[in-house]
Amino acid sequence: MTLLTKQYAKPNIATVDEPAPGDIIIDVRHPQEAADSPLELNFNEIILIPFFNLDAQLSKLDNIPTYLIYCDKGIMSRLQANIMRDRGFKNIGIMNRPKSG
């Protein structure tokens with residue numbers, strides 16, 4: 001007898017070019033990388049939590065606001081956004097590198 005299990009597809013996590021007012025940005029880059037090239041946005045709170053500390057810090061975050069996860073290439077931000085989604089955060093996205101000029 002073969003037991004079939006349903007696998008539910010996880011919803012895609014949106015990628016945005018510009019955050020909306022009120023979105024909170026979590027910069028998951030290595031601290032030295034964040035210091036060398038700081039993320040500067042005028043209307044959004046930026047929280048620096050390196051990728052290697054994010055999982056341990058999730059219990060300190062409110063799961064109601066919208067969080068956008070940021071890293072330079074988008075690979076680590078996608079991994080961390082998936083972890084957040086798996087931990088019950090519903091309002092999460094990935095922020096692309098801001099365009100300069």
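Start by selecting Ile 64, which sits in the loop between helix H2 (51-57) and strand S4 (67-70). Ile 64 counts as exposed because its relative accessibility is 59%. The cut-offs are under 20% relative accessible area for buried, over 50% for exposed, and partly exposed in between, with a 1.4 Å probe and protein chains only.

A quick word on what you have open: this is a predicted model, where local features need pLDDT of at least 70, side-chain atom pairs count only at pLDDT 80 or more, and totals for chains, interfaces and linings use all residues. Residues are numbered from 1 along each chain as its sequence is written, and side-chain values use heavy atoms, with hydrogens and water left out.

Lys 90 lies in the loop between H3 and S5, and at 70% relative accessibility it counts as exposed. Draw a C-alpha to C-alpha distance from Lys 90 to Ile 64 and you get 7.7 Å, although the two are 26 residues apart in sequence.

Zoom out for a moment and colour by secondary structure. Of the 101 residues, 33% are buried. Take the contacts (heavy atoms within 4.5 Å) between residues at least 6 apart in sequence: 61% of them join residues at least 24 apart.

Next stop, the aromatic rings. There are 2 aromatic pairs to look at. Rings of Phe, Tyr and Trp (its six-membered ring) pair if their centres lie within 6.5 Å; planes under 30 degrees apart are stacked, over 60 edge-to-face, and the rest tilted.

- Select Phe 51 and Phe 52: the ring centres are 5.2 Å apart and the planes meet at 85°, so this pair is edge-to-face. Phe 51 is partly exposed at 32% relative accessibility, and Phe 52 is partly exposed too, at 47%.
- Then pick Tyr 67 and Phe 89, an edge-to-face pair at 6.0 Å centre to centre with 75° between the planes. This pair links distant parts of the chain, 22 residues apart: Tyr 67 is in strand S4, and Phe 89 is in the loop between helix H3 (75-86) and strand S5 (92-95). Tyr 67 is buried at 3%, and Phe 89 is buried at 6%.

Move on to Asn 44, in the loop between helix H1 (31-36) and strand S3 (45-48). Asn 44 is buried, with a relative accessible area of 13%. What does its side chain reach at 2.8 Å? That would be the backbone oxygen of Ala 20. A polar atom of the Asn 44 side chain also lies 2.9 Å from the backbone oxygen of Asp 23. Show the surroundings, skipping neighbours within four places in sequence, and Asn 44 is in contact with Pro 19, Ala 20, Pro 21, Gly 22, Asp 23 and Ile 25.

Last stop: the largest pocket, with about 250 Å³ of space. To find it, select Asp 17, Glu 18, Pro 19, Leu 41 and Pro 98, the closest to its centre of the 13 residues that line it. The lining divides into 7 nonpolar, 3 polar and 3 charged residues.

Notes
Helix = DSSP H or I, 4+ residues; strand = E, 2+ residues; numbered from the N terminus. 1 Å grid on protein atoms, 1.4 Å probe; cavity = no way out; pocket = protein on both sides within 12 Å on 5 of 7 lines; lining within 4 Å. Points joined across faces, edges and corners; volume = space filled by probe spheres on them. Nonpolar A, V, L, I, M, F, W, Y, C, P; charged D, E, K, R; others polar. Polar contact = N/O pair within 3.5 Å; in protein donor to acceptor, adjacent residues only side chain to side chain.
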